[in-house]
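Here are my notes for a first look. Please read them beside the model.

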Amino acid sequence: RCKNLSVSFWNSYWMLPSDVCGMNCFWEAAFRYDYMKTHPSEKMHLAVVACGERLEETVTMLRSAIIFSIRPLHFHIFAEDQLHENFKDILDKIPYEGKVNYTLYPITFPTESAAEWKKLFKPCASQRLFLPLILKNVDSLLYVDTDILFLRPVDDIWSFLGKFNSTQIAAMAPEHEEPRIGWYNRFARHPYYGVTGINSGVMLMNMTRIRRKYFKNDMTPVRLQWGEILMPLLKKYKLNITWGDQDLLNIMFFHNPESLYVFPCQWNYRPDHCIYGSNCKAAEEEGIFILHGNRGVYHDDKQPTFRAVYEAIKNYSFGDDLVHSLLQPLELELQKTMHTYCGRVYKVFIKQLTKSIRDLYARRSKGR
């Protein structure tokens with residue numbers, strides 16, 4: 001994330017900050033573009049599970065992925081049957097510029113335990129646990145919750161696959177940065193990863209490795225594969241877990257910590273990172289990369305900063321100027337939220353977004 005755009009280019013737009021990145025700017029950009037250079041035509045696979053009233057939220061997430069991403073995307077959308085036609089109607093009207101495909105799937109669980117899996121935590125949420133077994137021909141996958149918004153290209157989190165060492169099979173962010181407000185370290189009645197646990201709302205997976213791995217566990221001295229370990233885990237811990245499938249993932253990586261790559265909090269920024277005071281230092285320095293509006297904050301007035309970003313992306317019309325139609329109106333709305341803790345640090349919500357827009361226009365300029 002470096003200052004590589006001429007002032008004259010940006011004088012024709014809005015006066016954007018000349019430096020929106022931290023000290024690791026050069027090396028991170030160098031790694032990203034080196035990875036893209038060696039994987040130029042690799043299609044990125046993104047999965048989401050949508051049930052109930054999650055249609056609009058899911059589409060808004062997909063729109064945010066489309067706006068900034070560079071390489072082709074394939075969306076794997078797992079949804080209840082009654083939502084399929086709505087997804088088709090909406091997605092077929094979005095101008096993809098030839099870089100997006102999508103596949104719709106029904107919600108499916110193992111037959112003998114389908115009802116139990118479907119009602120675990122939120123409706124259909126545990127579908128994500130079975131993605132490596134369903135998408136057998138997909139090598140790597142980025143799973144995200146419906147309440148995710150990408151503020152920089154999907155390419156950038158996808159490039160973490162190239163940083164995995166030989167034992168790592170997945171990447172997630174910590175559940176908390178500050179142990180004093182952590183949930184797992186204060187309340188969990190089961191094993192969890194690290195100091196504060198991990199959050200599964202953004203989960204990057206090398207699914208080939210997941211399917212091949214034999215996992216250590218506390219149920220048997222014999223290591224079990226992914227498809228073998230899920231139901232025994234649920235049977236052992238179902239009375240002790242609160243957050244459903246996320247808790248099961250925490251248990252699995254507690255016993256197999258060498259298998260997890262942990263990425264920083266700005267790749268999964270949630271209300272907990274600002275409602276008690278700012279505690280994601282990486283976001284303060286570099287901005288938010290992926291916004292996670294859990295607890296329904298996009299749809300109520302409890303966290304207006306999060307809602308403002310969601311509404312801006314939801315209402316953006318493809319083809320409109322991103323500076324005047326998205327960034328400028330969003331900053332004005334964010335300034336109205338400064339009476340809240342998250343609003344006091346509203347600039348972290350647009351810091352990376354500003355950079356992403358600058359990069360996008362620079363790529364378009366070079367392509368002319």
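1. Cys 265 and Cys 280 are both buried. A disulfide joins Cys 265 to Cys 280, with an S to S distance of 2.1 Å. This is a predicted model. The torsion about the S-S bond of Cys 265 and Cys 280 is about 95°, so the disulfide is right-handed. Cys 265 and Cys 280 lie in the loop between β10 (260–262) and α12 (281–286), so the pair ties together parts that are 15 residues apart in sequence.

2. Cys 274 is joined to Cys 342 by a disulfide, S to S 2.0 Å. Its torsion is about 85°, so this disulfide is right-handed. The pair links distant parts of the chain, 68 residues apart: Cys 274 is in the loop between β10 and α12, and Cys 342 is in helix α15 (residues 341–344). Cys 274 and Cys 342 are buried.

3. Cys 51 and Cys 124 also form a disulfide, with their sulfur atoms 2.1 Å apart. The torsion about the S-S bond is about -95°, so the disulfide is left-handed. Cys 51 sits in the loop between β1 (44–50) and α3, and Cys 124 in the loop between α5 (114–118) and α6 (131–134), so the pair ties together parts 73 residues apart in sequence. Both Cys 51 and Cys 124 are buried.

4. How many disulfides does the structure hold? There are three. Counting bonded cysteines along the chain, the pattern is 1-2, 3-5, 4-6.

5. Now the helix packing. Helix α3 (residues 55–68) packs against helix α13 (residues 304–315) at an angle of about 75°, with axes 9 Å apart. That makes α3 roughly perpendicular to α13. The contact includes Glu 56 and Arg 63 of α3, and Tyr 310 and Lys 314 of α13. By class, the contact has two nonpolar, three polar and four charged residues.

Technical notes. Residues are numbered from 1 along each chain as its sequence is written. This is a predicted model: local features need pLDDT of at least 70, side-chain atom pairs count only at pLDDT 80 or more; totals for chains, interfaces and linings use all residues. Side-chain values use heavy atoms; hydrogens and water are left out. Axes are lines fitted to C-alpha atoms, for helices over the stretch in contact, and angles run from 0 to 180 degrees between N-to-C directions. Helices (H or I, at least four residues) and strands (E, at least two) are DSSP runs, numbered from the N terminus. Angles under 35 degrees count as roughly parallel, over 145 as roughly antiparallel, 65 to 115 as roughly perpendicular and the rest as oblique. Contact means heavy atoms within 4.5 Å. Ala, Val, Leu, Ile, Met, Phe, Trp, Tyr, Cys and Pro count as nonpolar, Asp, Glu, Lys and Arg as charged, and the others, Gly among them, as polar. A disulfide is a pair of cysteine sulfur atoms within 2.5 Å. Buried means under 20% relative accessible area, exposed over 50%, partly exposed in between (1.4 Å probe, protein chains only).
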